[in-house]
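User: I should like to go through this structure with you, with each label set against its definition.

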Amino acid sequence: MVKKTVLKVSITCEKCKKKLLKAVSSLEGVDKIEVDSSKGTLTVTGDVDPYDVILQARKAGKYAEVVSIGPPPPPPKQDEKKKPEKKKPEEKKPEEKKPEAKAGHCYMPCDCPACRQMAIVYMPGWEEPDPPCSIM
């Protein structure tokens, strides 16, 4: 059964976005993936279990909060009774200047706090791969 799963995910940079898309797109049954960085939402449509989508998002290092799970919106219906209208020659209109959309707070890839996190693993001396080697 096709479902639309909407998750709230913290997307701070393009690297995070690509990592999340790559993780979720590997699932079987995914038809469509939409990511809105400004709202922080991930929308997955297809025959995929929402639990699997959440697990993949967490494996990508993102905390996923469920916004909604439900059927996808129905496709727009086209009336067969409508006759195609003849195209009129278009009048040239002066181009209107649109205000540029300002992005929210976006980090540079090197400044992203989520990407800077590093795991520190302590290894006892007997488990080191090459114990006699030391650099001073």
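Analyst: A residue is called buried under 20% relative accessible area, exposed over 50%, and partly exposed in between, with a 1.4 Å probe and protein chains only. This is a predicted model: local features need pLDDT of at least 70, side-chain atom pairs count only at pLDDT 80 or more, and totals for chains, interfaces and linings use all residues. Residues are numbered from 1 along each chain as its sequence is written, and side-chain values use heavy atoms, with hydrogens and water left out.

User: What keeps the sulfur of Cys16 from a bond with the closest cysteine sulfur?

Analyst: A disulfide is a pair of cysteine sulfur atoms within 2.5 Å. The closest cysteine sulfur to that of Cys16 is in Cys13, at 3.3 Å, which is too far for a bond. By this rule the protein has zero disulfides.

User: How do you know what span helix α1 should have?

Analyst: Helices (H or I, at least four residues) and strands (E, at least two) are DSSP runs, numbered from the N terminus. The expected span is 1.5 Å times one less than the number of residues. For the 12 residues of α1 (residues 14–25) that gives 16 Å, and the end C-alpha atoms are 16 Å apart, so the two agree.

User: Which residues of α1 are buried, and what puts them on one face?

Analyst: Cys16, Leu20, Ala23 and Val24 are buried in α1. Seen down the helix axis, they fall within an arc of 90 degrees, so they line one face; the arc is that of the directions from the axis to the C-beta atoms. The face turned away from this buried side carries the exposed residues Lys15, Lys18 and Lys22. An α-helix has 3.6 residues a turn, so residues three or four places apart point the same way.

User: What makes the buried residues of α2 lie on the same side?

Analyst: In α2 (residues 50–59), the buried residues are Pro50, Val53, Ile54, Gln56 and Ala57. They cover an arc of only 165 degrees around the axis, which puts them on the same side of α2. Tyr51 and Lys59 are exposed on the other side. The buried residues of α2 pack against β1 (3–9), α1, β3 (41–46) and β4 (64–70), where contact means heavy atoms within 4.5 Å.

User: What is called a nonpolar core, and which residues have the most contacts inside the largest one?

Analyst: The term denotes a set of buried Ala, Val, Leu, Ile, Met, Phe, Trp, Tyr and Cys residues joined through side-chain atoms within 4.5 Å. The largest has 16 residues, and those with the most contacts inside it are Leu7, Val9, Leu20, Leu42 and Val53. Two or more residues come from each of β1, α1, β3 and α2. Residues touched by Leu42, not counting those up to four places away in sequence, include Leu7, Leu20, Ile33 and Val53.
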